[in-house]
Amino acid sequence: MEITSSNASIPSKMKAWVYAHHGKSVDVLKLHSDVDVPQLKEDQVLIKVIAAGLNPVDFKRMLGMFKESDSPLPIVPGYDVAGVVLKVGSQVINFKEGDEVYGNINEKGLDHPKRYGTLAEYTAAEEKLLALKPKNLSFIEAAVVPLAIGTAYEGLEKTGFSSGKSILVLGGAGGVGTMVIQLAKHVFGASKVAATSSSSKLELLKSLGADLAIDYTKDNFEDLPEKFDVVYDSIGQSERAVKAIKEGGQVVTIEPVGALAPPAFRFILTSSGAMLEKLNPFLENGKVKPVIDPRGTFPFSQTPEAFSYLETGRVTGKLVILPIP
């Protein structure tokens, strides 16, 4: 049976990567060709997935690290999407068939994320979670942006970051870290941006806007004489991070597990299309750029290999899956 929309024929079944048990991706992730195409709710759009960005939360979820608050198995993984609207629900106002959109399809990252994610031919998402794709970005580039830029932006907002403040970014070459550097510098107007990475990635940090690039294999950032208004910890080192702030400074961490050293706080992203719309001008004028690992583009058939690389923790920027068949 086929559902027809005015400009496309939508099948009832699709190809998707699925896991029915928790574990490492190489053990549990399987390609299925008979998965039901998601049914649309009134406030959702159906998207033909062109590219899907991978995030560490995808493999942590697959491992079962937050299964108490997850949706029931089996699950099609994937948060980030870039694609084309095929069909709109009856209450959708801002999108129409044929629109090129992008977004993170899970409003609350760890609170019952969708069973039908983005590593599939089609995915459904609420209108309020999506934005029109920036005109200058390819689908590949757009697919790696939403979760990372949202996490970076919300974390900066929660610290009250503003023009003239200084920041240290731990894990500056990662998916979130590369966005924090650029947003702090080019959107929030930081007076100084410092960031940590391994030796080979220091030049990347500088190219993104870091004034000081710290090689964590040679220097302990907490031993530097200079202290910062904010430390953005994307790697889970709050105990060390709190030693690097000025009096009254703040440490924000996104690592969802482990102890927190006060005054550090953690948060989980609330995804929104409005936030993407607010940042689209900075993507369109080139002030903020997606960073994709040099070997970070994988065909759909090699999704498990992409996850294996993601699990090493050595990815520069982001990984992306394309083209979805």
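A residue is called buried under 20% relative accessible area, exposed over 50% and partly exposed in between (1.4 Å probe, protein chains only). The structure is a predicted model, in which local features need pLDDT of at least 70 and side-chain atom pairs count only at pLDDT 80 or more, whereas totals for chains, interfaces and linings use all residues. Residues are numbered from 1 along each chain as its sequence is written, and side-chain values use heavy atoms, with hydrogens and water left out.

Salt bridges were examined, each being a side-chain nitrogen of Lys or Arg within 4 Å of a carboxyl oxygen of Asp or Glu. The count comes to 15 salt bridges. One of them joins Asp-80 and Lys-318, with an N to O distance of 3.5 Å. This pair links distant parts of the chain, with Asp-80 in strand S6 (residues 80-88) and Lys-318 in strand S17 (residues 318-321), 238 residues apart. Helices (H or I, at least four residues) and strands (E, at least two) are DSSP runs, numbered from the N terminus. Lys-318 counts as buried because its relative accessibility is 5%, and Asp-80 is buried at 0%.

A salt bridge also connects Glu-226 with Lys-192, whose closest N and O atoms are 3.0 Å apart. Glu-226 lies in the loop between strand S12 (212-215) and strand S13 (228-233) and Lys-192 in strand S11, so the bridge ties together parts that are 34 residues apart in sequence. Glu-226 is partly exposed at 29% relative accessibility, and Lys-192 is partly exposed at 26%.

In a further salt bridge, the side chains of Glu-222 and Arg-240 meet at 2.8 Å, N to O. Glu-222 belongs to the loop between S12 and S13 and Arg-240 to helix H7 (residues 238-241), so parts 18 residues apart in sequence are tied together. Glu-222 is buried, with 14% relative accessibility, whereas Arg-240 is partly exposed at 26%.

The search of the whole structure finds 3 aromatic pairs. Rings of Phe, Tyr and Trp (its six-membered ring) pair if their centres lie within 6.5 Å; planes under 30 degrees apart count as stacked, over 60 as edge-to-face and the rest as tilted. Tyr-153 and Phe-188 form a tilted pair, 5.5 Å centre to centre with 45 degrees between the planes. Tyr-153 is in helix H4 (residues 146-158) and Phe-188 in the loop between helix H5 (175-186) and strand S11 (192-197), 35 residues apart. Both Tyr-153 and Phe-188 are buried. Ring pairs link Tyr-153, Phe-161 and Phe-188 into a cluster.
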